[in-house]
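Dear colleague,

Please find the structure below, followed by a short account of what was found in it.

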Amino acid sequence: MTASKIPERLGLDAARLGFTLRTAIAACCALFIAWLLGLEHPQWSAMTVWAASQPVRGQLVEKSLFRALGTVLGAIFGMGLLLASHGWPWVIVPGLALWIGLCAGAGNILRGFASYGAMLAGYSAAMVTLLHSAQSASPLAVGVDRMLTVLLGLLVALAIGWVFAAPGDDPDDLTHGPRRLSRRILADLAACLAGKAPPDHAAHHVLLSGMAAIEDRLDGRAAGSLRSREAVRAVRRLLLAQVAILLWMRRPLRRAENGPLAAALREAAEAYNEPCRPQDADAALHRAAGLAAFDPVLQGALADLTTAAARERAAEGAWQTAGTHAAALHRDWIGARQALLRTMLAILAVGGIWLATDWEAGAFMLLGTAIMTTVFSTADNPVRLLRQVIVGQALGVAGALACRWLVWPLAGGETGLVLSMMPFIVFGGFLFAHRRASGPIGFDYNMVVLLLLQPVWPLTGSFPHSLMAGVAVVLGPAIGLVAFRLIFPVDGKRRLRTLVAMMVREIEAMAGRRGASRRRPVWRARLYHRLLRLVRWADKTGSDKEEAVEGSFAILLLGSAILHLDSLLQQPELAPGAARRLDMTLARLRRVGRDPHRAARALAATAASLAGNPAVDTGLLREAAAELSSRAAFLQPDTRART
């Protein structure tokens, strides 16, 4: 058996093993340097290396940046809380509950590594307030020690990771999938306009799945590079423009003579087949937008696609593209509120038990609860992941106990303590690379071993004390698991229902805000983005994708109708009777989630009563009413998230 086959026979992922072993070596280096510098918790530097290291340079840089910011912010709050409370636990526990809850909520609103940094600010404060020891001269010393150990770990992770990490994906590769989608969508639109084939809704569902999968990966592709970030923004705008065209194709065709427009669209689609002809595609799309003047909605969608395609290509060749602004995106406000309340309640409950029992190891239990209820609040299925975390942390406790009671008594001094920790850290590299433990199991083994091993000579404490601390650590994810089961349970299907609820609330808010049509691009972009997120959740959970897509399109059509009604109300020449009718209809639509059938009847009645008004798109109102009636169950309270 060759040496290259040994890792595979041992169940190790050979491709991942190089990354995990160099991370383990970097953690050993950070531990030793922090100890040489006299930092009180040198093991925190090694923990930081494990937390910050990434296999791609851009992700390494961005995660390190937000880890540094989150640590500094959390340490400052922790120091302030220690000073304000004078170390009194009855003040520290509610203060931490509020702070960590706010950070968990922020982490569910932000995206990418900014979310990670916000949550880190929460439990960094907990580490400062809960893990300070008698050696600490003051709260300031505790916070400074936390900041210095983390910053040192980041520097080591960056130094070693930058040399060995992959440079990352070529930003140009990001655009290939969206361009193929544009080619297919434009070809379908041309065929539809030419009368050669009706829209294939099943094929469009497949296209939406592809678009949703691309969108789901965009935040990770933007990390660490201005050029990639600009490309991601442009690609996201391109995807939203594609959604607008798919939505338009679902409406009845209004004009029989569309030959020139269909020809321009076919020309644009063919130009996408040849990367060397981007200017031809731009020219054809621009011409198509001009020929679509008979339908302002289609014209606007084609104009958006033209602009987004031009910006996407401009982002390929520039570090920064002027005028490429972030589109209005979905923010999970419901999930953020639930994460805030869940985290606060869990910390208050566990902190109350700790204070009532005065359990010596209760600080470790409270810290674990804070970390688990915060970090896993953004996971697709926290309960499933926390089961693996419990296994990983149990292995970490076993490793820490073995090091402390079997190896450390033979060390002979602090140097020996630090050096004898390193084999356990390196073993963590092998464990992390194992196929069965490459996720939370391998990561949490490493973090718990380092959390429980503070190299201080002479050794103190007893085995029961160490065992009790280990049990307290494992209780953290166990309590987190219970919290995620009982307090606003989270899984993929619940997230899907929550997203539907947010889309319904969005259109209710549109109906209730006079002048909403003036913010048409914002409303549409956010709804289109939520449609893509909904399709992605349907794919992840194996839910009925057709129901999700068709229901979402009904919501989008209803949103278009609401914006149209609002724009009519802005017309000064509108008759008073028509204005009253529109106001009454919008009032019904403000409660569409509670009574969709009544809202549908109001839309249909408005279309009938204003049929003679040339400014009113009665076809849109009738279509929205019909879709709302047929998809009423999708919007009903019993299918929406409990909020």
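In what follows, a residue is called buried when its relative accessible area is under 20%, exposed when it is over 50%, and partly exposed in between (1.4 Å probe, protein chains only). This is a predicted model, in which local features need pLDDT of at least 70 and side-chain atom pairs count only at pLDDT 80 or more, while totals for chains, interfaces and linings use all residues. Residues are numbered from 1 along each chain as its sequence is written, and side-chain values use heavy atoms, with hydrogens and water left out.

Confidence comes first. The chain has a mean pLDDT (the predictor's confidence in each residue, from 0 to 100) of 85, and 89% of its residues reach 70 or more. Residues 318-324 fall below 50, and this stretch has 14 contacts (heavy atoms within 4.5 Å) beyond near neighbours in sequence. The pLDDT is also below 50 over residues 637-643, where the corresponding number of contacts is 19. Where pLDDT is low, the predicted coordinates should not be read in detail.

Asn 446 belongs to helix H18, residues 440-452; helices are DSSP runs (H or I, at least four residues), numbered from the N terminus. Asn 446 counts as buried because its relative accessibility is 2%. Leaving out residues up to four places away in sequence, Asn 446 touches Trp 50, Ile 425, Gly 428, Gly 429 and Phe 432. For Gly 428, the backbone oxygen is reached by the side chain of Asn 446 at 3.4 Å.

Yours sincerely

Conventions:
Helices (H or I, at least four residues) and strands (E, at least two) are DSSP runs, numbered from the N terminus. A polar contact is a pair of N or O atoms within 3.5 Å; within protein, one must be able to donate a hydrogen and the other to accept it, and residues adjacent in sequence count only if both atoms are side-chain atoms.
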